[in-house]
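The structure is shown below.

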Amino acid sequence: MTEQEQGLTTIWGAASHQGRRRSLNEDGYLATGRVFFVADGMGGHEAGEVASSEALAALSGLADVERVEPALVEAFLDVAQQRVRAIETESGNAPGTTLTGVLVDEREDVPYWLFVNVGDSRTYMLSGGVLSQVSVDHSEVQELVDAGTITMDEARRHPRRNVITRALGAQQDVRADFRYIPVTLHDRVLICSDGLTGELTDAQITTILLEQPDPERAAGHLVNAAIQAGGRDNITVVVVDVTGVDDQTIGSSTAPRAGAEPDEDTLPREEHAARSQGV
């Protein structure tokens, strides 16, 4: 499906798999021309898959919003929070879900990525052949890394690496991190659950993203590589490419990354689908 709006064209692919050791896939994803999210549900057979599904359903309305900003996304996240917390389980344990992704926003007629994150699912940006993690993990091991107690390599093997500090539904109040980055032609965004990053290093992920120009094939290869590496968790991947920016916006949108100053509302910190759409 193709649509022209704001002179920006994106193409994307997605893949999701339950992995080798799980009987249920609690991950989910939402992908349109301007809204892309991955959710990793928690709660096992009781409610994990329901939590991720409810959260994504609550956010799907963002695809119909002409202009998005952090305050509006927070309002949708409040709805997602309420829907997840309303899920009933036999044990009475509160289900939850991580959420990470990106929306296309416009600031002064220039297209921007608006990154959103809650939990330890991740969003990356591949630019100039270099992969950078845009989201910040909300996890105990990330806090240890930030404090200088352990290294990133040690964090990958830490016994509490799966303990997160923020999740929709699991807490009474949850605050998401937001970050703006200008859109640049040939940007590639990777959104994934920790089933991918728990199996593959950033270097391995970068190699696959560079070798596979088609986003659907890239997503499929990443999931397959994670399965071959162990597949100990559900694995979900969304890959988004910017394939066109018109002459009126490209000059501004290719400003240096460091030029994106967050405002007070921003915090720096098998299933296949492929679509092509302008937003």
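The average pLDDT of the protein is 82, and 77% of the residues score at least 70; pLDDT is the predictor's confidence in each residue, from 0 to 100.

| Residues | pLDDT | Contacts beyond four places in sequence |
|---|---|---|
| 1-5 | under 50 | 14 contacts |
| 247-279 | under 50 | 97 contacts |

This is a predicted model, in which local features need pLDDT of at least 70, side-chain atom pairs count only at pLDDT 80 or more, and totals for chains, interfaces and linings use all residues. Residues are numbered from 1 along each chain as its sequence is written, and side-chain values use heavy atoms, with hydrogens and water left out.

A nonpolar core is a set of buried Ala, Val, Leu, Ile, Met, Phe, Trp, Tyr and Cys residues joined through side-chain atoms within 4.5 Å. Buried means under 20% relative accessible area and exposed over 50% (1.4 Å probe, protein chains only). The largest such core holds 30 residues, and Phe37, Leu62 and Leu77 have the most contacts inside it. Elements giving two or more residues to this core include strand S3 (35-42), helix H1 (44-59) and helix H2 (70-85). H1 contributes the most, six residues. Beyond four places in sequence, Leu62 touches Val35, Phe37, Val68, Leu72, Val73, Phe76 and Leu103. A second, separate core has 20 residues, among them Leu126, Ala218, Ile227 and Val239.

In helix H6 (residues 202-211), Ile205, Thr206, Ile208 and Leu209 are buried. Viewed down the axis of H6, these buried residues fall within an arc of 165°, so they line one face of the helix; the arc is that of the directions from the helix axis to the C-beta atoms. Exposed residues Ala203, Leu210 and Glu211 lie on the face of H6 turned away from its buried side. Helices (H or I, at least four residues) and strands (E, at least two) are DSSP runs, numbered from the N terminus.

Notes: Contact = heavy atoms within 4.5 Å.
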